[in-house]
Amino acid sequence: MQDRAGSRKPVFGQSAAALPFVALLMGNVALAFGPWFVRSADVGPVAAGFWRLALGAPVLIAFVATMDGNPLRMARGFGWTLAIAGIAFAADLASWHIGILHTTLANATLFGNSATLMFPVWGFLVARAWPTRRQGVALALAAMGAGLLLGRSYDLSPQNLIGDLLCLLAGALYTVYFVMMARVRTAMHALPALALSSIAGTLPLLLFALALGERVWPGSWTALIGLALASQVVGQGLMIYALGHLTPLVVGIALLVQPIIAGTVGWIVYDERLGIPDLAGAILVGIALVLVRAGRTPPGQVASSESEAKS
């Protein structure tokens, strides 16, 4: 929780922390099912990303209209930033969804969330500062974990390596999206910004899917509706809500729910058995995520971080 000055207050030991923590866990669980929905859809992977936004954006707009009124009210002066954010997010989804079809669900989830590690690097460059010891250890552990996962992936199938790299590219594009959205968040609430950037990314995904010759119109809507609701509405919605109430350390630990759930789904549905290198790599990446989250503020909360630094 935050006071009027914007500083973060501890949440554990307070009854008010129960709801945000449950929301955080539920959001991570919902996001972890995204790769499964992409694989289950009877359209192309990029087309699945299009439907994720096309079906999810109206629901987000409806929520915004109910709570804040016109979502364009606070968007003046940020049109191009929102457009770039939407295009970056569209490219992220396109790369990630294609990668999902060429690697395991656990790897796709881990590498697709690598923006959690890449975003601090951008912060170091902007601040022209070296990482702290804790941050350096986190980056080293992440590199070791990624090496274990990529190495085992290549031993099993070269196609998995391609999928892993595409998911890493998605993580880089997601970092661009974070940078743009952090700027927008200085003047807009999270939900309107999410809704408008989702709208901006819808058309690029449709054009890309058509350019690739993918099937766009589905024979069954079940997986696509599940993808839109679970990933775009419920998953991101709950995560955005929880980020404003819980400490980075708690959020980092909860992020481990995603690869665990995705890996379990992959094991049950696709017989993607997890070996010792996979588990070791996942643990190293998970520890790195916890360390990075413990030492930084989530995107959109720069002012809060600065307030804490001054106090």
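**Close-up views of a predicted model**

The structure, a predicted model, holds one salt bridge. The legends below describe this pair and three further sites.

**View 1. The salt bridge between Asp42 and Arg215.** The side chains of Asp42 and Arg215 meet at 4.0 Å, N to O, in a salt bridge. Asp42 is placed in the loop between α2 and α3 (45-67), and Arg215 in the loop between α9 (190-211) and α10 (222-243), so the pair ties together parts that are 173 residues apart in sequence. Side chains of opposite charge can pair when their charged atoms come close. Asp42 is partly exposed, with a relative accessibility of 29%. Arg215 is likewise classed as partly exposed, and its relative accessible area is 46%.

**View 2. An aromatic pair formed by Trp217 and Trp221.** Nine aromatic pairs are found in a search of the whole structure. One of them joins Trp217 and Trp221 in an edge-to-face arrangement, with 5.2 Å centre to centre and 90 degrees between the planes. Trp217 counts as exposed, because its relative accessibility of 59% lies over the 50% cut-off. Trp221 has a relative accessible area of 29% and is partly exposed. Both residues belong to a cluster in which ring pairs link Trp217 and Trp221 with Phe50 and Trp51.

**View 3. The surroundings of Gly34.** Gly34 is part of helix α2, which comprises residues 34-40. The relative accessibility of Gly34 is 0%, and the residue therefore counts as buried, the limit for that class being under 20%. Apart from neighbours within four places in sequence, Gly34 has contacts with Leu227 and Ser231. A separation of 9.8 Å lies between the C-alpha atoms of Gly34 and Leu224, two residues that are 190 residues apart along the chain.

**View 4. A nonpolar patch on the surface that includes Trp267.** Four residues, Trp267, Ile268, Val269 and Tyr270, form a nonpolar patch on the surface. Together they have about 390 Å² of accessible area. Trp267 is located in helix α12, which spans residues 257-270.

Key
Residues numbered from 1 in each chain as written. Predicted model: local features only at pLDDT ≥ 70, side-chain atom pairs only at ≥ 80, totals over all residues. Heavy atoms only, no water. Patch = residues over 30% accessible without salt bridge, like charges linked within 9 Å, V, L, I, M, F, W, Y side chains within 5 Å. Areas by Shrake-Rupley, 256 points an atom, 1.4 Å probe, with all protein chains shown as cover. Helix = DSSP H or I, 4+ residues; strand = E, 2+ residues; numbered from the N terminus. Buried < 20%, exposed > 50% of the residue type's maximum accessible area, 1.4 Å probe, protein only. Contact = heavy atoms within 4.5 Å. Phe/Tyr/Trp six-rings, centres within 6.5 Å; stacked < 30°, edge-to-face > 60°.
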